[in-house]
Each structure stands twice: as C-alpha cells, then as structure tokens.
Amino acid sequence: MPGRQDEEPRDGEGDRPVRRGKRRRDRRETRPLVPVTQQSAPAPAPVKRQRVVYVAVEGESTERDYLTYLNQRFGDGERTGEPFIIHTVWKKNGYKPEEAVDAVKDKAAEDEAWALFDRDEHTKIPQALAEAARSVVEVCFSHPSFDLWLLLHFQMFGSAQSGSSNVVHDKLRKADPVFRNFDKRNDKSLKGPRAKALEDKADQAIIHAKQLLAQCEHGACKWQQAKTVRPKWRDGNGVAAPPVPKPPEHWSARSGHAPTCQTLGRDPSTDVWRLLVSLGITKG
C-alpha cells in the first residue's frame with residue numbers, strides 16, 4: 001500500500017529490492033596484520049629514567065625537611081628536565097661528619113652519594129673529607145652550619161663565626177616572620193610556611209654563597225672552579241665502573257676552593273648550592 005514505511009528500498013533500476021547481504025571479499029585484497037585500532041595508536045612516549053641520589057645529613061630535622069622539600073617541589077622533573085628521588089640517610093640525634101660519610105656510602109652502593117655536614121665543633125672533619133674522597137662521596141660543607149644556607153636566601157652574611165651559629169640564627173629569625181621561633185624550644189623544622197618562604201630565592205642564595213667563596217681569605221678560591229657534574233659510575237656501555245678516587249684536597253676542591261685552602265678555614269662558607277645545580281634545580 002502507498003505510504004507504507006516498511007517496504008524494502010529500491011535501487012531505481014527495474015524497481016527491484018536492494019539486498020543488504022554481506023559483500024564477498026576479493027581474494028586480491030589483503031587483510032591487515034593487526035587491527036586498525038592498533039595500527040593508528042600513537043607510539044608511547046619514552047619514559048625518563050629517574051635519577052637516584054642518596055644524601056646523608058648530619059642534622060636530625062632541618063636538612064631532612066629541606067631535602068623532602070626538594071623532592072616534592074622538583075623531583076617530578078618538570079623544571080629540571082630529569083626526574084630525581086633523594087633518599088635521605090639520617091638517624092635520631094644526628095650523625096657526626098665521619099659517620100654521615102660512612103652511612104651514605106653503605107646505603108648508596110653504586111648509586112650517587114652526597115654528605116651534608118657542618119663545622120660546628122666537630123673534631124674529625126679532615127677524616128670525614130678523606131673518607132669521602134676515597135669513597136667518591138660528594139660533600140656539601142657548611143661553616144658554621146647548614147642554617148647559613150637558609151639565611152643566604154634572604155641576605156648576605158660574611159663575618160667569621162668560628163663554628164657558632166648564634167648570630168646566624170638571630171639574623172634568620174629577623175629575615176622572615178615564619179622563622180621568628182627558629183631554634184627555640186628545639187624547633188628547627190623546615191616545613192610548611194618556612195619551606196614556602198624559600199620559594200624562588202635559590203638563585204639569590206647561590207649568588208651570596210658564591211660571593212663568600214670569592215671572598216675566601218686564601219685568595220685563590222673561585223666559584224668558577226666548582227664542579228657540579230656528577231661523577232660517572234658506569235661507562236658508555238652501562239657497565240659498572242666506579243670513578244677513580246682522588247686525593248682529599250682535590251676532591252674537596254670540587255667546591256671551588258683551591259686544593260691548598262684548608263677546609264676548617266672557610267669561615268663562613270657553604271657548598272649546598274652545588275647539590276641544587278647538580279640536580280638541575282637552578283643553573284646557578
């Protein structure tokens with residue numbers, strides 16, 4: 001009947017119904033080896049290898065918090081170009097410098113190893129530096145303490161302290177309100193607002209640290225001499241090949257100080273900036 005909508009469609013030639021059966025495949029046609037969906041899928045992006053760094057710290061609180069901040073803020077590699085993870089080696093009540101070197105070389109094995117320690121009133125710093133040179137452990141030495149590195153984020157500080165951090169702490173408390181109770185009632189944490197206060201000030205801290213290096217009384221110390229490229233633990237074929245240990249005075253000179261500059265005489269100074277530059281956090 002006219003107007004019926006369930007009629008089979010016509011092809012216009014002879015008014016014959018158009019059959020909708022399956023088309024036979026021509027034998028000359030080739031089948032795709034894989035499904036179309038797989039053929040058109042984009043190639044996976046290359047996965048960046050994560051840099052693994054072990055850092056032993058002398059202090060129990062401040063340095064640990066600072067390294068945690070570096071992990072959280074920069075570890076994903078978006079700003080540095082290379083993801084990294086810092087494994088902090090520490091113990092309750094802290095390490096002595098020589099203990100920090102021993103602990104990190106054991107933990108790191110063939111991975112990259114650093115030790116952060118201060119002048120304070122320690123008596124075996126030369127021994128710690130000698131062992132670091134033998135074990136190819138990078139050292140960030142601060143005189144009088146790591147807290148000088150924090151202060152340099154806000155201002156320059158250039159007077160010798162003979163291992164005492166009292167003046168450094170006093171100036172740090174005045175540098176920013178979040179530090180007003182720093183080192184009071186055993187509060188040396190570096191979390192939350194205190195870590196936030198350091199944001200975007202690393203370059204300024206590095207400038208100040210380099211100025212201290214250039215002003216060293218030795219006279220032949222230059223920040224341009226500092227080494228921030230990590231020693232290679234593998235050759236070009238990926239085979240384990242530990243770096244050749246260097247004499248302590250030459251290993252210590254990776255900080256930029258001259259090999260003949262006595263470490264205990266670098267007052268005030270801090271080498272923490274080398275770790276940031278090495279990780280790609282800043283170009284320095």
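The legends below describe close-up views of a predicted model.

**View 1. Overall make-up of the protein chain.**
The protein chain holds 10 helices and 5 strands. Of its 284 residues, 44% count as buried. Among contacts with a separation of 6 or more, 66% are made by residues 24 or more positions apart.

**View 2**
The 5 strands form an open sheet in the order β2-β1-β3-β4-β5, and the pairing is mixed. At the edges stand β2 and β5 (269-270), each with a single partner strand, so one side of each has no neighbour in the sheet. The parallel pair β1 and β3 is held over 5 bridges, and β3 is likewise joined to β4 by 5 bridges, in parallel. By contrast, β4 and β5 run antiparallel and are joined by 2 bridges.

**View 2. Strand β3 and its two faces.**
How many residues of β3 are buried? The count is 7 of the 7, so β3 is largely enclosed by the rest of the structure. Glu-112, Trp-114, Leu-116 and Asp-118 point one way from the strand, while Ala-113, Ala-115 and Phe-117 point the other way. Both sets are buried, the charged side chains of Glu-112 and Asp-118 included. Two residues of β3 illustrate the bridging to the strands beside it: Ala-113 is the bridge partner of Tyr-54, and Trp-114 stands opposite Glu-138 in β4.

Helix α2 runs over residues 62-74. Its 13 residues should span 18 Å at 1.5 Å a residue, and the end C-alpha atoms are 18 Å apart, which agrees with that expectation. The buried residues of the helix are Thr-62, Glu-63, Asp-65, Tyr-66, Leu-67, Tyr-69, Leu-70, Asn-71 and Phe-74. Which elements do the buried residues of α2 pack against? On the strand side they are β1 (51-57), β2 (84-89) and β3 (112-118). The helical partners are α5 (147-151), α7 (193-197) and α10 (273-279).

**View 3. Arg-194 in helix α7.**
Arg-194 lies in α7, one of the helices packed against by the buried residues of α2. Is Arg-194 buried or exposed? Its relative accessible area is 7%, so Arg-194 counts as buried, the cut-off being under 20%. Beyond its neighbours within four places in sequence, Arg-194 is in contact with Val-178, Phe-179, Asn-181, Phe-182, Asp-187, Lys-188 and Ser-189. Asp-187 and Lys-188 are charged residues among these contacts.

Rolling a probe the size of a water molecule over the atoms shows where empty space is left. The count comes to 2 cavities of 30 Å³ or more, and about 100 Å³ of space lies in the largest cavity. Its lining consists of Leu-129, Glu-138, Val-139, Phe-141, Trp-251, Ser-252, Arg-254, Ser-255, Thr-263, Arg-266, Asp-271 and Arg-274. Two or more of the lining residues come from each of β4 (138-143) and α9 (248-252). The largest share, 3 residues, belongs to β4. By type, the lining divides into 4 nonpolar, 3 polar and 5 charged residues. Glu-138, listed in this lining, is also the residue of β4 that Trp-114 stands opposite.

Definitions and conventions. Residues are numbered from 1 along each chain as its sequence is written. This is a predicted model: local features need pLDDT of at least 70, side-chain atom pairs count only at pLDDT 80 or more; totals for chains, interfaces and linings use all residues. Side-chain values use heavy atoms; hydrogens and water are left out. Helices (H or I, at least four residues) and strands (E, at least two) are DSSP runs, numbered from the N terminus. The expected span of a helix is 1.5 Å times one less than its number of residues. Buried means under 20% relative accessible area, exposed over 50%, partly exposed in between (1.4 Å probe, protein chains only). Contact means heavy atoms within 4.5 Å. On a 1 Å grid over the protein atoms alone, a cavity is a set of points where a 1.4 Å probe fits but cannot get out, and a pocket is an open set with protein on both sides within 12 Å along at least five of seven lines; lining residues have an atom within 4 Å of a point. Grid points are joined across faces, edges and corners, and a volume is the space filled by probe spheres set on the points. Two strands pair if DSSP finds at least two bridges between them.
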